[in-house]
Amino acid sequence: MADDCLFCRIVTGEIPADVVYSDESAVAIADINPQAPTHLLVIPREHFDDIGEIGVDAGTAAGWIAAIGAAARGQGLSEYRVVCNTGPSAGQSVFHVHAHLLGGRPFHWPPG
């Protein structure tokens, strides 16, 4: 855990959030600025700055990915988009890896 990390503080319960899913690997919270009818942030319990960093820990990465699927099923989603921003120019503003789980509307390609 990083003391100055917003998501670490949410994961530990120090900062309240609308938790919609939780397991031993990750926590899923409602995004405070939703971009779709369902917009969750799925946050691994362990601190990694970005997806490249979590990728070196296969067990933690697998648990986080499983939590993304479980959170989607818990929301009744069978079709959804998962987005991970890595770095400021890609839109990452909190440097604790997290997935945006979006669903409930059609999405287009290319995004952005």
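Where is the place of Pro34? Pro34 lies in the loop between E2 and E3.

## Basis of the model

The structure is a predicted model, in which local features need pLDDT of at least 70 and side-chain atom pairs count only at pLDDT 80 or more, while totals for chains, interfaces and linings use all residues. Residues are numbered from 1 along each chain as its sequence is written, and side-chain values use heavy atoms, with hydrogens and water left out.

Helices (H or I, at least four residues) and strands (E, at least two) are DSSP runs numbered from the N terminus. Two strands are said to pair if DSSP finds at least two bridges between them.

## Strand pairing

Strand E1 (residues 19-22) pairs with strand E2 (residues 26-30) in the antiparallel sense over 3 bridges. A hairpin of 3 residues joins E1 to E2, and Val19 stands opposite Ile29 in E2.

E2 and E3 run antiparallel and are joined by 5 bridges; the bridge partner of Ala28 in E3 is Val42. E3 is also joined by 5 bridges to strand E5 (residues 99-103), again in the antiparallel sense, with Leu40 opposite Leu101 in E5.

Burial is assigned from relative accessible area: buried is under 20%, exposed is over 50%, and partly exposed lies in between (1.4 Å probe, protein chains only). Strand E3 (residues 38-44) is largely enclosed by the rest of the structure, because 7 of its 7 residues are buried. In a regular strand the side chains alternate between the two faces of the sheet. In E3, Thr38, Leu40, Val42 and Pro44 point one way and His39, Leu41 and Ile43 the other, and all are buried.

Pro34, in the loop between E2 and E3, counts as partly exposed at 47% relative accessibility. Pro34 is 18 residues from Pro16 in sequence, and their C-alpha atoms are 17 Å apart in space.

## Nonpolar cores

A nonpolar core is a set of buried Ala, Val, Leu, Ile, Met, Phe, Trp, Tyr and Cys residues joined through side-chain atoms within 4.5 Å. The largest core has 16 residues, of which Val42, Ile54, Trp64, Ile68, Ala71 and Leu101 touch the most other members. The elements that give two or more residues to this core are E2, E3, helix H3 (58-74) and E5. H3 supplies the largest share, 6 residues.

Contact means heavy atoms within 4.5 Å. Leaving aside neighbours within four places in sequence, Ala71 is in contact with Tyr21, Ala28, Leu40, Val42 and Leu101. Apart from this core lies another, of 10 residues, among them Phe7, Ile10, Ile29 and Leu41.

Gln92 is placed in the loop between strand E4 (80-83) and E5 and is buried, with a relative accessible area of 5%. Its side chain reaches the backbone oxygen of Asp49 at 2.8 Å, and a polar atom of that side chain lies 2.8 Å from the backbone nitrogen of Gly87. Not counting residues up to four places away in sequence, Gln92 touches Asp49, Asp50, Asn85, Thr86 and Gly87.

His96 is found in the loop between E4 and E5 and counts as buried at 0% relative accessibility. A polar contact is a pair of N or O atoms within 3.5 Å; within protein, one must be able to donate a hydrogen and the other to accept it, and residues adjacent in sequence count only if both atoms are side-chain atoms. The side chain of His96 makes such a contact with the side chain of His47 (3.1 Å).
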